[in-house]
Amino acid sequence: MARFALGIGRCLPRKNPSSLRCLSTLKSSSSRVETIRPELDTDFLLASGKTIPKESIQIKYSSYGEDPLKNKPILLLCPSMSNSVFAMDEEATAENGAERGWWRKVVGSGANFGIDIDKFQIICGAPLGSPFGSTSPLTINTDTGNPWGKAFPQVTPQDMAKLQALLLDHLGIEKVFAVIGGSMGGMQSLQFAANFPNRYDRFVSIAATAQTSPATVALRSVQRAAVRTDPEYKDGDYELGQGPKQGMAVARMFGTICYRSPEEFTKRFDWYPTVGVGDVDNVSFEVERYLQYQATKFVSNVNYDANCYLLLSKGMDMMDIGAGTMSFEDGTKRIPNDKQGLLLSYSTDRLTPAEDLERLSETLGRRGVSVHYEVLQSQFGHDAFLIESQAVELNMRLRAFLETDASIYGGHGVHNVRALVKELLLD
């Protein structure tokens, strides 16, 4: 098994050690989940110029892999909009039920996984604004003593990346080996790469964009309209746990169409309508029933908060790696030439088309940043990086990119992936 000699996480003294159990209590292949309240000297400043009271900041995170940190490279894993901190399966405990890991075929123990927790320490923090435990419309505004609700300020992936950096600060981690994410997580990884250039060696962005296109904004705007036009939305003043369930269901149905592809729907569902017994006017199609199932699951099982949904949806539309600079190109200049990047798109992704990351790859390449950009073939659209049957192709590239052993493709992440792809083509 290859040993890693580069990119070992460097650790700093923890600012508030009393608020966090020591990570050295971790055992091999074990996990932990915790919500922290970092001690800040000032309020949390957003890219918009607005602030969140420092006392209101909390971060939920999970950690996978064995201790000590100093002997293993550290990976920062950024979840997407629909994903919690549970990248791996979690057994039920006295406090919580079992959790199905959203990247259970990608993150795990052993060489079959793209991210092997036997080799890496994984830190996975819930994004700012998400309903999965970090500061959001669901948490308490310490200035009022009530949940933020619709008053929560608009956030962007740049703000989310800043919260991930704050998590690392609190854990005493100066630098990670790589920052990784897909979809909204991939936006966070790119913003982390641009805004914290001294805190990582490699970055991975999957099914994401460095600057949201007008076409993508158009798609998400329809979802937001579906939520807001539901009378139960009540201009965002609904009771927690309630809200615009019908609007959220329609938004999810439309989202599922955007997240998947016509190719998949054509292959997966038949056209032949089902006629209700004794009612020839009651006609439905298989794909309609699938969309309704996805909507019901999202509204009833996940019960995703509407204010969080609207916040993150608009936040992704505001993704711009050039934010705070004069242009897109100037924004990419904040990624140093000594970094390595892995940019992966999917052939049927119509939410964040492949040309989005291709543009970033070409811009970085002109500056001499070592980047591997590739369009993976899949019928599953934007969601392909989450589909278990698609994990094999993704895992091969992640393993190669994260490898540093010179005896395996030379140990250079980008060269590793290119050598792998060449082998696959020859086969």
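Predicted model: local features only at pLDDT ≥ 70, side-chain atom pairs only at ≥ 80, totals over all residues.

Analyst: Residues are numbered from 1 along each chain as its sequence is written, and side-chain values use heavy atoms, leaving out hydrogens and water.

User: What does the pLDDT average to?

Analyst: The average is 89, and 89% of the residues score at least 70. pLDDT is the predictor's confidence in each residue, from 0 to 100.

User: Where does pLDDT stay under 50?

Analyst: Over residues 1-29. Where pLDDT is low, the coordinates should not be read in detail.

User: How many helices and strands are there?

Analyst: The protein has 11 helices and 18 strands. These are DSSP runs numbered from the N terminus: H or I over at least four residues for helices, E over at least two for strands.

User: New topic. What is the volume of the largest pocket?

Analyst: About 1300 Å³. A pocket is an open set of points on a 1 Å grid over the protein atoms alone, where a 1.4 Å probe fits, with protein on both sides within 12 Å along at least five of seven lines; lining residues have an atom within 4 Å of a point. The volume is the space filled by probe spheres set on the points, which are joined across faces, edges and corners.

User: Which element gives the largest share of the lining?

Analyst: Helix α6, with seven residues.

User: And the largest nonpolar core, how many residues?

Analyst: It has 67, and L128, L190, F192, F203, Y309, I335 and L360 have the most contacts inside it. Such a core is a set of buried Ala, Val, Leu, Ile, Met, Phe, Trp, Tyr and Cys residues joined through side-chain atoms within 4.5 Å. Buried means under 20% relative accessible area, with exposed over 50% and partly exposed in between (1.4 Å probe, protein chains only). Helix α1 (residues 157-171) gives the largest share of this core, eight residues.

User: What is I335 in contact with?

Analyst: Beyond its neighbours within four places in sequence, its contacts (heavy atoms within 4.5 Å) include A193, F203, I321 and V369.

User: Last one: is I173 buried or exposed?

Analyst: I173 is buried, with a relative accessible area of 0%, and lies in strand β12.
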